[in-house]
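This briefing is meant for someone meeting the structure for the first time.

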Protein chains: 2
Amino acid sequence: MNLRDLRYLLAVAEHGHFGRAAEACGVSQPTLSVQIRKMEETLGVVLFERTSKAVVRTTACEHLIGHIRAAVAETDAIVAVARGLRDPLAGRFRLGIIPTLAPYLLPLVFAPLRERLPALDIEPWEDQTVALLERLRAHDLDAALLATDVDGPDLLSRPLFAEPFLAALPPEHPLARHVVVTEAELARDILVLADGHCLRDQTLTACGQSGALGGALRAASLPTLLNMVAAGYGTTLIPGLAAGAAEDAGIVLRPLATAAGRTVRIAWRARFPRRAAVEAVGDVIATRLRGFAEAVGTI
Amino acid sequence: MNLRDLRYLLAVAEHGHFGRAAEACGVSQPTLSVQIRKMEETLGVVLFERTSKAVVRTTACEHLIGHIRAAVAETDAIVAVARGLRDPLAGRFRLGIIPTLAPYLLPLVFAPLRERLPALDIEPWEDQTVALLERLRAHDLDAALLATDVDGPDLLSRPLFAEPFLAALPPEHPLARHVVVTEAELARDILVLADGHCLRDQTLTACGQSGALGGALRAASLPTLLNMVAAGYGTTLIPGLAAGAAEDAGIVLRPLATAAGRTVRIAWRARFPRRAAVEAVGDVIATRLRGFAEAVGTI
DNA sequence: AGATGTGATAGTCACTGTCTATCGAGACAG
DNA sequence: CTGTCTCGATAGACAGTGACTATCACATCT
């Protein structure tokens, strides 16, 4: 059975006239005669009683026509919904973001994203890198904002902007009187985030391996880390976008001698069909953050 | 778009695997690949993200699949309902019956009809001949039980049984002492039904034209006519099936010299597709009334 | 009786859905 | 890291079928 035939049937039922129904369907009258007869044979039921005067539905047809209308309506709905989904820059877009980035980046990019991609319904999902990659591979995310590159050929990524690190110091810290701080100076009493945060590894890499870390004091989140620094527990590196929050917490920030930093990237599955949406989101973020690294350098 | 393709799509969505989905659909794997790709093109939406590991639905597919399931379910319902309607001896059967026949015939045939045609849901409709023919032609009835033949090539009919007339007399009427009554004797003070009843015309034909009729006393129904005869207003002819009712009313019945009577027929539209149902109903009635005319002759 | 209008039928053609055979990309084991 | 296996995509051939035009059969109306 065929959807086209169902439409033919509805047309004949509505017009009560093969010729006019055929015209309405844009086909010839014999086509309708043949197809409807064929349909009657497959269903095993006579659908119309034909006279030269009129074509009248049988009671069997009356019983069926509700389901026929419903079937045609549903397929119309399929096409209509698909038309609405056709735009890759529309619909739900699940975007993972690492915790050391989300609270500082999102306030900056929400407005431009809404302006430039009004039909894209972005659902942020905050989690650590490995969890994001897992969800990305499991199709639970459409893309993710990371500060590391991705592994494996099934994922692709693209750099969006460079985010310099800054030395974060308690106001009374000796280094606070320096204009520029070196990572080696910072390493002495550095604090880091808990396991799993990529910022932790990046901080350790920048400041050299340090078995001397205060093991008990690993902050679970960046705000906590900032509070610990402000309270004089030690120093740390913070990503540039967190500068405002750090200063609000009463922390002194200094540029690093080596201009260390991290690159924020957007990552997605290589086979993800809505790559246009990924690129568009990436474009908006990259544009918004253009020149950010240089601006941080002038702190 | 095609219903077959929708089923293919559901199969792939369910199995997450083109090969197994193809097997489930009874087609080859390339068929599914081609058809689903074609569908994606017509809908303008990518439905599946293919990996060598798995085939995962896109969010667009998730949005569509409800409608797709509904469309397929509705077409399945069409086939299922049609299967139930396929039997011409099942379903609603609207049967018109003339008023001078209905109350006396129906009690006789209801039980055998229900026994022999249990799936046929007979809806009786009582009205005069012309109204029945009108409704029959308007497809408001499937068949009609009449005491006249039908006119026009669009209707067919078949005789079911002969129904002799009987002379109906008040007990004190002079003719009541006769064993057999002639129509001419009866004509003197004959009463007839109101206009529109075929029995009226048949009575008048049998007893000859009579301008001498008591014009004011035209009974609207056969029970009324019987009451009038019983009350001594005059005589009449009654159809044989009404004999029991007439005797209950206290009327004397006598056979007619000429064995006049009428033939009860079943009529239907020539193009009516469920002729088998008409014939079956006719068979049951004819069988039930077999030998009835002879039995009436022995009153 | 001829004209008109209706659905049914016949014959032809092009499209398309399906098949088999094969390719190319990944995944996995030795 | 290379051979092997699995999976989906592709190519080419073929059959089925839906659509067309032309025509018929039948009924109605003038």
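Helices, with at least four residues, and strands, with at least two, are DSSP runs that are numbered from the N terminus. With that naming in hand, H2 and H3 of chain A, together with H3 of chain B, each supply at least two residues of the surface near DNA strand C. The model is a predicted one, and the points below should be read with that in mind.

**Surfaces near the DNA**

- Around DNA strand C there are 24 residues, of which Phe18(A), Pro30(A), Ser33(A), Val27(B) and Ser28(B) come nearest.
- Sorted by class, the surface near DNA strand C holds eight nonpolar, ten polar and six charged residues.
- DNA strand D is surrounded by 23 residues, and the closest of them are Val27(A), Ser28(A), Phe18(B), Pro30(B) and Ser33(B).
- At least two residues of the surface near DNA strand D come from each of helix H3 (29-43) of chain A, helix H2 (18-25) of chain B and helix H3 (29-43) of chain B.
- H3(B) provides the largest share of the surface near DNA strand D, namely five residues, and by class that surface divides into seven nonpolar, ten polar and six charged residues.

**Contact between chain A and chain B**

- The contact between the two chains takes 35 residues from chain B and 35 residues from chain A.
- On the side of chain B that touches chain A, the elements giving two or more residues are strand E1 (48-50), helix H4 (59-85) and strand E3 (91-97) of chain B.
- H4(B) gives the most to this side of chain B, with 16 residues.
- By class, the side of chain B that touches chain A is made up of 19 nonpolar, ten polar and six charged residues.

**Helix packing in chain A**

- Two packed helices are described by the angle between their axes and the distance between the axes.
- In chain A, helix H1 (residues 3-15) and helix H2 (residues 18-25) have axes that come within 8 Å and cross at roughly 130 degrees.
- The crossing in which H1(A) passes H2(A) is right-handed.
- From H1(A), the contact is made by Arg7(A), Tyr8(A), Ala11(A), Val12(A) and His15(A), while H2(A) brings Phe18(A), Arg20(A), Ala21(A), Ala24(A) and Cys25(A).
- The residues of this contact of H1(A) with H2(A) divide into seven nonpolar, one polar and two charged.

**Helix packing in chain B**

- In chain B, helix H1 (residues 3-15) packs on H2(B) at an angle of about 130 degrees, with the axes 8 Å apart, and that makes H1(B) oblique to H2(B).
- H1(B) and H2(B) have a right-handed crossing.
- The contact is made by Arg7(B), Tyr8(B), Ala11(B), Val12(B) and His15(B) of H1(B), and on the side of H2(B) by Phe18(B), Arg20(B), Ala21(B), Ala24(B) and Cys25(B).
- Seven nonpolar, one polar and two charged residues make up this contact of H1(B) with H2(B).

- Most residues other than glycine have a negative phi.
- His139(A), however, has a phi near 65 degrees, which is a positive value in a residue other than glycine.
- His139(A) has its place in the loop between helix H6 (129-137) and strand E5 (143-146) of chain A, and with 17 other C-beta atoms within 10 Å it is partly exposed.
- In chain B, His139(B) has a positive phi of about 65 degrees although it is not a glycine.
- His139(B) is found in the loop between helix H6 (129-137) and strand E5 (143-146) of chain B, and it is partly exposed, with 17 other C-beta atoms within 10 Å.

**Two further residues of chain B**

- Trp125(B) lies in strand E4 (residues 120-126) of chain B, and it counts as partly exposed because it has 16 C-beta neighbours inside 10 Å.
- Leaving aside residues up to four places away in sequence, Trp125(B) touches Arg94(B), Leu95(B), Gly96(B) and Leu141(B).
- Lys38(B) is found in helix H3 of chain B and is partly exposed, with 13 other C-beta atoms within 10 Å.
- Lys38(B) and Met1(B) are 37 residues apart in sequence, and from C-alpha to C-alpha they are 9.3 Å apart in space.

How values were computed: Residues numbered from 1 in each chain as written. Chains lettered and ligands numbered in written order. Predicted model: local features only at pLDDT ≥ 70, side-chain atom pairs only at ≥ 80, totals over all residues. Axes fitted to C-alpha atoms, helices over the stretch in contact; angles between N-to-C directions. Left-handed = near helix turned anticlockwise from the far one by under 90°. Contact = placed C-beta atoms within 7 Å. Nonpolar A, V, L, I, M, F, W, Y, C, P; charged D, E, K, R; others polar. Buried ≥ 20, exposed ≤ 12 C-beta atoms within 10 Å, placed from the backbone. Near = placed C-beta within 6 Å. Parallel < 35°, antiparallel > 145°, perpendicular 65-115°, else oblique.
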